[in-house]
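My entries follow in the order in which I looked things up.

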Amino acid sequence: MKNPIPSIFILITIISTSAFVYSQTPDSCSSNLNLQSRLPFGTSNLQCLPVWDAENYVLRYEQSTSNANIWSFVLSAPYTNSFVAMGFSRSGQMVGSSAIVGWIPSTGGAGMIKRYYLGGKSSNLVVPDEGNVTVIENSSAVVLESQRLYLAFQLQTTLPSNRLIYSLGPNDFQPVGPGYRLMQHRDMVATSINYATGQSASQKSPHLRLRRSHGILNMIGWGILMMIGAMIARYGRQWDPVWFYVHAGVQLLAFTLGIIGVICGFLLNSRLNADVSTHKGLGIFILVLGSLQVMALLARPDKASKIRKYWNWYHYSVGRILLVFAIANVFYGIHLGGEGKGWTAGYAVVLGVLFVASALGEYKLWIRN
(Lines give C-alpha, C1' and ligand atoms only; values in the text may rest on other atoms or scores of the structure.)
Protein backbone atom coordinates (compact mmCIF):
# COMPACT_ATOMS: atom_id res chain seq x y z
CA MET A 1 0.00 0.00 0.00
CA LYS A 2 1.36 3.42 -0.97
CA ASN A 3 2.08 6.01 1.68
CA PRO A 4 -0.76 8.64 1.50
CA ILE A 5 1.23 11.35 3.30
CA PRO A 6 2.95 12.86 0.21
CA SER A 7 -0.39 13.08 -1.58
CA ILE A 8 -1.90 14.85 1.42
CA PHE A 9 0.99 17.35 1.45
CA ILE A 10 0.48 18.02 -2.25
CA LEU A 11 -3.25 18.55 -1.75
CA ILE A 12 -2.64 20.94 1.16
CA THR A 13 -0.10 22.90 -0.91
CA ILE A 14 -2.54 23.23 -3.81
CA ILE A 15 -5.33 24.39 -1.53
CA SER A 16 -3.07 26.89 0.28
CA THR A 17 -1.72 28.29 -2.98
CA SER A 18 -5.21 28.63 -4.42
CA ALA A 19 -6.41 30.43 -1.31
CA PHE A 20 -3.41 32.79 -1.44
CA VAL A 21 -3.96 33.57 -5.11
CA TYR A 22 -7.67 34.09 -4.49
CA SER A 23 -6.93 36.44 -1.58
CA GLN A 24 -4.73 38.52 -3.86
CA THR A 25 -7.32 38.92 -6.63
CA PRO A 26 -6.10 41.92 -8.63
CA ASP A 27 -8.19 45.06 -8.68
CA SER A 28 -9.52 46.34 -12.00
CA CYS A 29 -11.84 49.01 -13.27
CA SER A 30 -14.43 46.36 -14.09
CA SER A 31 -14.74 45.39 -10.43
CA ASN A 32 -16.80 47.25 -7.85
CA LEU A 33 -15.17 49.19 -5.04
CA ASN A 34 -16.96 47.78 -1.99
CA LEU A 35 -15.37 50.04 0.62
CA GLN A 36 -18.10 52.64 1.00
CA SER A 37 -18.51 52.19 4.75
CA ARG A 38 -14.73 52.28 5.36
CA LEU A 39 -13.92 55.48 3.45
CA PRO A 40 -14.69 59.05 4.57
CA PHE A 41 -16.28 60.06 1.23
CA GLY A 42 -18.53 58.60 -1.46
CA THR A 43 -17.06 56.42 -4.20
CA SER A 44 -20.03 55.63 -6.44
CA ASN A 45 -19.09 58.16 -9.16
CA LEU A 46 -15.31 57.73 -9.19
CA GLN A 47 -13.67 57.50 -12.59
CA CYS A 48 -11.28 54.53 -12.83
CA LEU A 49 -8.15 53.81 -14.84
CA PRO A 50 -5.07 51.56 -14.56
CA VAL A 51 -1.97 53.71 -14.05
CA TRP A 52 0.90 51.25 -13.50
CA ASP A 53 0.41 47.89 -15.18
CA ALA A 54 3.70 46.39 -13.94
CA GLU A 55 2.62 46.76 -10.30
CA ASN A 56 -1.16 46.62 -10.87
CA TYR A 57 -1.83 50.13 -9.56
CA VAL A 58 -5.38 51.35 -10.17
CA LEU A 59 -6.45 54.97 -9.65
CA ARG A 60 -10.02 56.19 -9.06
CA TYR A 61 -10.81 59.91 -8.89
CA GLU A 62 -13.64 62.41 -9.07
CA GLN A 63 -14.19 66.15 -9.04
CA SER A 64 -16.98 67.01 -6.62
CA THR A 65 -20.18 68.21 -8.27
CA SER A 66 -21.15 70.31 -5.25
CA ASN A 67 -17.73 71.95 -4.86
CA ALA A 68 -15.46 72.11 -7.93
CA ASN A 69 -12.40 72.67 -5.72
CA ILE A 70 -12.67 69.25 -4.04
CA TRP A 71 -11.05 66.26 -5.74
CA SER A 72 -11.35 62.70 -4.41
CA PHE A 73 -8.71 60.01 -5.05
CA VAL A 74 -8.51 56.30 -4.26
CA LEU A 75 -5.30 54.53 -5.23
CA SER A 76 -5.32 50.73 -5.15
CA ALA A 77 -2.08 48.68 -5.03
CA PRO A 78 -0.99 45.16 -4.00
CA TYR A 79 -0.03 44.95 -0.33
CA THR A 80 3.69 44.23 0.20
CA ASN A 81 3.96 45.15 3.87
CA SER A 82 5.38 48.52 2.87
CA PHE A 83 4.22 52.00 1.90
CA VAL A 84 2.39 53.10 -1.23
CA ALA A 85 2.89 56.64 -2.51
CA MET A 86 1.29 58.95 -5.03
CA GLY A 87 3.07 62.19 -5.90
CA PHE A 88 1.87 65.38 -7.57
CA SER A 89 4.67 67.01 -9.55
CA ARG A 90 4.87 70.31 -11.39
CA SER A 91 7.85 69.30 -13.52
CA GLY A 92 7.37 65.54 -13.86
CA GLN A 93 10.36 64.97 -11.58
CA MET A 94 10.26 63.32 -8.17
CA VAL A 95 12.37 66.08 -6.60
CA GLY A 96 10.16 69.06 -5.84
CA SER A 97 6.93 67.08 -5.81
CA SER A 98 4.41 66.56 -3.02
CA ALA A 99 3.36 63.02 -2.14
CA ILE A 100 0.59 61.28 -0.26
CA VAL A 101 1.98 58.16 1.41
CA GLY A 102 0.02 55.39 3.12
CA TRP A 103 0.90 52.17 4.94
CA ILE A 104 -0.32 49.67 7.52
CA PRO A 105 1.85 49.74 10.70
CA SER A 106 3.67 46.48 11.41
CA THR A 107 2.36 46.67 14.98
CA GLY A 108 -1.18 46.52 13.67
CA GLY A 109 -3.97 49.02 14.10
CA ALA A 110 -5.40 51.57 11.72
CA GLY A 111 -3.60 52.50 8.52
CA MET A 112 -1.42 55.60 8.41
CA ILE A 113 -1.45 58.31 5.75
CA LYS A 114 0.83 61.34 5.64
CA ARG A 115 1.77 64.14 3.30
CA TYR A 116 5.45 64.59 2.33
CA TYR A 117 7.48 67.17 0.47
CA LEU A 118 10.22 65.59 -1.64
CA GLY A 119 12.97 68.19 -1.50
CA GLY A 120 15.65 65.73 -2.64
CA LYS A 121 16.56 62.08 -2.97
CA SER A 122 18.10 61.60 0.45
CA SER A 123 15.93 60.66 3.42
CA ASN A 124 16.55 63.88 5.35
CA LEU A 125 15.20 65.95 2.43
CA VAL A 126 11.88 64.09 2.37
CA VAL A 127 9.92 66.16 4.89
CA PRO A 128 6.71 64.84 6.50
CA ASP A 129 3.63 67.03 6.90
CA GLU A 130 4.89 69.43 4.22
CA GLY A 131 4.09 69.90 0.55
CA ASN A 132 2.31 71.93 -2.10
CA VAL A 133 -0.99 70.04 -1.93
CA THR A 134 -3.81 70.74 0.52
CA VAL A 135 -5.40 67.61 1.98
CA ILE A 136 -8.89 68.18 3.35
CA GLU A 137 -9.09 67.44 7.06
CA ASN A 138 -10.67 64.09 8.06
CA SER A 139 -10.85 62.98 4.42
CA SER A 140 -8.02 60.43 4.38
CA ALA A 141 -7.95 56.69 5.02
CA VAL A 142 -5.83 53.62 4.34
CA VAL A 143 -7.71 50.33 4.00
CA LEU A 144 -6.33 46.81 3.62
CA GLU A 145 -8.78 44.55 1.77
CA SER A 146 -8.08 41.23 0.00
CA GLN A 147 -4.33 41.80 0.17
CA ARG A 148 -4.63 45.18 -1.52
CA LEU A 149 -3.92 48.58 -0.03
CA TYR A 150 -6.41 51.36 -0.75
CA LEU A 151 -5.09 54.89 -0.29
CA ALA A 152 -8.02 57.36 -0.14
CA PHE A 153 -7.85 61.15 0.29
CA GLN A 154 -9.36 64.42 -0.90
CA LEU A 155 -7.51 67.51 -2.14
CA GLN A 156 -8.67 71.10 -2.15
CA THR A 157 -7.49 72.57 -5.45
CA THR A 158 -8.83 74.05 -8.67
CA LEU A 159 -7.08 71.37 -10.71
CA PRO A 160 -4.53 68.84 -9.43
CA SER A 161 -1.23 68.50 -11.26
CA ASN A 162 -1.55 66.24 -14.29
CA ARG A 163 1.95 64.86 -13.74
CA LEU A 164 1.65 62.03 -11.24
CA ILE A 165 4.33 59.81 -9.75
CA TYR A 166 3.64 56.42 -8.16
CA SER A 167 6.14 54.56 -6.00
CA LEU A 168 6.39 51.34 -4.05
CA GLY A 169 8.37 51.11 -0.82
CA PRO A 170 10.92 48.42 0.01
CA ASN A 171 9.49 45.14 1.27
CA ASP A 172 8.74 44.89 4.98
CA PHE A 173 9.32 48.57 5.72
CA GLN A 174 6.91 51.06 7.29
CA PRO A 175 7.78 54.57 8.51
CA VAL A 176 7.71 54.84 12.28
CA GLY A 177 7.26 57.79 14.61
CA PRO A 178 8.13 60.29 15.68
CA GLY A 179 10.03 61.22 12.50
CA TYR A 180 8.18 59.01 10.01
CA ARG A 181 11.18 59.02 7.69
CA LEU A 182 10.90 57.23 4.36
CA MET A 183 13.43 54.85 2.85
CA GLN A 184 14.16 54.98 -0.88
CA HIS A 185 11.40 53.40 -2.91
CA ARG A 186 11.83 49.97 -4.50
CA ASP A 187 10.34 51.11 -7.79
CA MET A 188 8.53 54.11 -9.26
CA VAL A 189 6.90 55.38 -12.43
CA ALA A 190 6.12 58.87 -13.71
CA THR A 191 2.88 59.36 -15.61
CA SER A 192 0.69 62.06 -17.07
CA ILE A 193 -3.09 62.08 -16.81
CA ASN A 194 -5.92 63.84 -18.57
CA TYR A 195 -8.57 64.30 -15.88
CA ALA A 196 -11.28 65.12 -18.41
CA THR A 197 -10.86 62.04 -20.61
CA GLY A 198 -9.51 59.66 -17.98
CA GLN A 199 -6.43 58.74 -20.03
CA SER A 200 -3.07 58.08 -18.42
CA ALA A 201 0.32 57.41 -20.00
CA SER A 202 3.81 56.70 -18.74
CA GLN A 203 5.96 59.78 -19.00
CA LYS A 204 9.55 59.68 -20.10
CA SER A 205 11.98 61.80 -18.20
CA PRO A 206 11.25 65.38 -19.38
CA HIS A 207 13.90 67.14 -21.48
CA LEU A 208 16.13 64.05 -21.37
CA ARG A 209 18.29 65.20 -24.30
CA LEU A 210 18.87 68.62 -22.71
CA ARG A 211 19.67 67.01 -19.36
CA ARG A 212 22.17 64.63 -20.95
CA SER A 213 23.76 67.47 -22.96
CA HIS A 214 24.13 69.57 -19.80
CA GLY A 215 25.69 66.70 -17.87
CA ILE A 216 28.03 65.40 -20.59
CA LEU A 217 29.31 68.83 -21.63
CA ASN A 218 30.06 69.84 -18.06
CA MET A 219 31.59 66.48 -17.22
CA ILE A 220 33.93 66.58 -20.24
CA GLY A 221 34.65 70.31 -20.04
CA TRP A 222 35.02 71.16 -16.35
CA GLY A 223 35.49 67.65 -14.97
CA ILE A 224 37.93 66.01 -17.43
CA LEU A 225 39.56 68.35 -19.96
CA MET A 226 40.38 70.96 -17.31
CA MET A 227 42.31 68.32 -15.40
CA ILE A 228 44.10 67.12 -18.55
CA GLY A 229 45.09 70.70 -19.37
CA ALA A 230 46.48 71.19 -15.87
CA MET A 231 48.47 67.94 -16.18
CA ILE A 232 49.96 69.11 -19.47
CA ALA A 233 51.12 72.34 -17.82
CA ARG A 234 52.67 70.53 -14.87
CA TYR A 235 54.30 67.53 -16.52
CA GLY A 236 55.05 68.70 -20.06
CA ARG A 237 57.32 71.69 -19.53
CA GLN A 238 60.34 69.93 -21.03
CA TRP A 239 58.65 70.40 -24.40
CA ASP A 240 58.77 74.19 -24.28
CA PRO A 241 57.01 76.10 -25.85
CA VAL A 242 54.76 73.38 -27.31
CA TRP A 243 53.36 72.50 -23.87
CA PHE A 244 52.03 76.04 -23.40
CA TYR A 245 50.05 76.09 -26.65
CA VAL A 246 48.67 72.62 -26.05
CA HIS A 247 47.78 73.58 -22.46
CA ALA A 248 46.05 76.78 -23.56
CA GLY A 249 44.21 75.01 -26.37
CA VAL A 250 42.91 72.23 -24.14
CA GLN A 251 41.80 74.68 -21.45
CA LEU A 252 40.09 76.90 -24.02
CA LEU A 253 38.21 73.87 -25.40
CA ALA A 254 37.27 72.85 -21.84
CA PHE A 255 36.04 76.37 -21.05
CA THR A 256 33.98 76.50 -24.27
CA LEU A 257 32.30 73.15 -23.58
CA GLY A 258 31.73 74.22 -19.98
CA ILE A 259 30.07 77.47 -21.07
CA ILE A 260 27.71 75.58 -23.38
CA GLY A 261 26.98 73.10 -20.57
CA VAL A 262 26.15 75.94 -18.17
CA ILE A 263 23.79 77.49 -20.74
CA CYS A 264 22.07 74.10 -21.09
CA GLY A 265 21.79 74.03 -17.31
CA PHE A 266 20.08 77.42 -17.16
CA LEU A 267 17.64 76.38 -19.91
CA LEU A 268 16.90 73.15 -18.06
CA ASN A 269 16.35 74.97 -14.78
CA SER A 270 13.87 77.40 -16.38
CA ARG A 271 11.89 74.56 -18.00
CA LEU A 272 11.81 72.16 -15.07
CA ASN A 273 11.67 74.75 -12.29
CA ALA A 274 13.54 72.23 -10.13
CA ASP A 275 14.98 73.03 -6.71
CA VAL A 276 18.71 72.53 -7.38
CA SER A 277 20.07 75.67 -5.75
CA THR A 278 23.25 74.01 -4.43
CA HIS A 279 24.14 72.48 -7.80
CA LYS A 280 23.35 75.74 -9.55
CA GLY A 281 25.38 77.79 -7.08
CA LEU A 282 28.40 75.52 -7.47
CA GLY A 283 28.10 75.74 -11.24
CA ILE A 284 28.09 79.54 -11.18
CA PHE A 285 31.09 79.53 -8.82
CA ILE A 286 33.00 77.22 -11.19
CA LEU A 287 32.09 79.43 -14.15
CA VAL A 288 33.44 82.50 -12.33
CA LEU A 289 36.70 80.72 -11.55
CA GLY A 290 37.02 79.60 -15.18
CA SER A 291 36.41 83.16 -16.39
CA LEU A 292 39.09 84.44 -14.00
CA GLN A 293 41.54 81.93 -15.45
CA VAL A 294 40.85 83.14 -18.99
CA MET A 295 41.29 86.76 -17.88
CA ALA A 296 44.52 85.82 -16.12
CA LEU A 297 45.84 84.33 -19.36
CA LEU A 298 45.23 87.63 -21.15
CA ALA A 299 47.05 89.50 -18.35
CA ARG A 300 49.96 87.04 -18.09
CA PRO A 301 53.16 89.00 -17.26
CA ASP A 302 56.52 88.28 -18.87
CA LYS A 303 58.79 85.65 -17.30
CA ALA A 304 61.28 88.34 -16.32
CA SER A 305 58.65 90.39 -14.51
CA LYS A 306 58.90 90.64 -10.72
CA ILE A 307 55.19 89.95 -10.31
CA ARG A 308 55.31 86.75 -12.41
CA LYS A 309 55.67 84.55 -9.30
CA TYR A 310 52.53 86.08 -7.77
CA TRP A 311 50.67 85.52 -11.03
CA ASN A 312 51.82 81.87 -11.02
CA TRP A 313 50.64 81.42 -7.45
CA TYR A 314 47.24 82.88 -8.29
CA HIS A 315 46.89 80.84 -11.49
CA TYR A 316 47.81 77.54 -9.82
CA SER A 317 45.61 78.14 -6.75
CA VAL A 318 42.49 79.14 -8.67
CA GLY A 319 42.98 76.22 -11.06
CA ARG A 320 43.21 73.68 -8.25
CA ILE A 321 40.14 75.10 -6.49
CA LEU A 322 38.22 74.98 -9.76
CA LEU A 323 39.09 71.30 -10.31
CA VAL A 324 38.02 70.28 -6.81
CA PHE A 325 34.64 71.98 -7.05
CA ALA A 326 34.10 70.83 -10.65
CA ILE A 327 34.65 67.17 -9.76
CA ALA A 328 32.38 67.43 -6.74
CA ASN A 329 29.63 69.14 -8.76
CA VAL A 330 29.80 66.54 -11.53
CA PHE A 331 29.19 63.75 -9.02
CA TYR A 332 26.43 65.79 -7.38
CA GLY A 333 24.82 66.45 -10.76
CA ILE A 334 24.82 62.74 -11.60
CA HIS A 335 23.08 62.14 -8.27
CA LEU A 336 20.47 64.84 -8.89
CA GLY A 337 19.80 63.59 -12.40
CA GLY A 338 19.13 60.09 -11.12
CA GLU A 339 21.42 58.61 -13.76
CA GLY A 340 22.36 55.72 -11.50
CA LYS A 341 25.57 54.02 -10.48
CA GLY A 342 26.73 53.41 -14.06
CA TRP A 343 27.46 57.07 -14.74
CA THR A 344 29.02 57.54 -11.33
CA ALA A 345 31.25 54.50 -11.80
CA GLY A 346 32.21 55.54 -15.35
CA TYR A 347 33.28 59.02 -14.26
CA ALA A 348 35.10 57.57 -11.26
CA VAL A 349 37.06 55.24 -13.57
CA VAL A 350 38.10 58.19 -15.77
CA LEU A 351 39.22 60.12 -12.69
CA GLY A 352 41.10 57.06 -11.45
CA VAL A 353 43.04 56.85 -14.71
CA LEU A 354 43.89 60.56 -14.56
CA PHE A 355 44.97 60.29 -10.92
CA VAL A 356 47.25 57.36 -11.74
CA ALA A 357 48.76 59.35 -14.61
CA SER A 358 49.26 62.29 -12.23
CA ALA A 359 50.98 60.05 -9.69
CA LEU A 360 53.37 58.80 -12.38
CA GLY A 361 54.01 62.38 -13.44
CA GLU A 362 54.76 63.42 -9.86
CA TYR A 363 57.15 60.48 -9.49
CA LYS A 364 59.04 61.50 -12.65
CA LEU A 365 59.24 65.09 -11.39
CA TRP A 366 60.63 63.87 -8.10
CA ILE A 367 63.24 61.74 -9.86
CA ARG A 368 64.17 64.61 -12.19
CA ASN A 369 64.62 67.06 -9.32
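Entry 1, overall. I find that 40% of the 369 residues of the protein count as buried (buried is under 20% relative accessible area, exposed is over 50%, partly exposed is in between, with a 1.4 Å probe and protein chains only). The model is predicted, so I note that local features need pLDDT of at least 70, that side-chain atom pairs count only at pLDDT 80 or more, and that totals for chains, interfaces and linings use all residues. Residues are numbered from 1 along each chain as its sequence is written, and side-chain values use heavy atoms, with hydrogens and water left out. I list six helices and 12 strands (DSSP runs numbered from the N terminus, helices being H or I of at least four residues and strands E of at least two). Among contacts (heavy atoms within 4.5 Å) between residues at least 6 apart in sequence, 62% join residues at least 24 apart.

Which residues of the largest nonpolar core touch the most other members? I get Met219, Trp222, Met226, Met227, Leu322 and Tyr347, out of 31 residues (a nonpolar core is a set of buried Ala, Val, Leu, Ile, Met, Phe, Trp, Tyr and Cys residues joined through side-chain atoms within 4.5 Å). Helices α2 (208–235), α3 (242–272), α4, α5 (308–337) and α6 (341–368) each supply at least two residues of this core. The most comes from α2, with 10 residues. I also find a second, separate core of 28 residues, which includes Tyr57, Leu151, Leu164 and Ile193. Leaving out residues up to four places away in sequence, I see Trp222 touch residues including Phe255, Ile286, Leu287, Gly290 and Leu322.

The 22 residues of α4 (277–298) should span 32 Å at 1.5 Å a residue, and the end C-alpha atoms are 32 Å apart, which agrees (the expected span is 1.5 Å times one less than the number of residues). Its buried residues include His279, Gly283, Ile286, Leu287, Gly290 and Gln293. Gln293 has a relative accessible area of 14%, and beyond four places in sequence it touches Tyr314, His315, Val318 and Gly319.

I count 28 residues in α6, reaching 40 Å from the first C-alpha to the last, close to the 40 Å expected. Buried here are Tyr347, Leu351, Leu354, Ser358, Gly361 and Leu365, and what covers the buried residues of α6 includes α2 and α5.

Where are the cis peptide bonds? One joins Gly177 and Pro178, with omega about 5 degrees, and Pro178 lies in the loop between β10 and β11. Another joins Asp240 and Pro241, with omega about 0 degrees, and Pro241 is in the loop between α2 and α3. Asn56 has a positive phi of about 60 degrees although it is not a glycine; I place Asn56 in the loop between β1 (47–52) and β2 (57–63). Asp129 also has a positive phi of about 60 degrees, and Asp129 is partly exposed at 44% relative accessible area.
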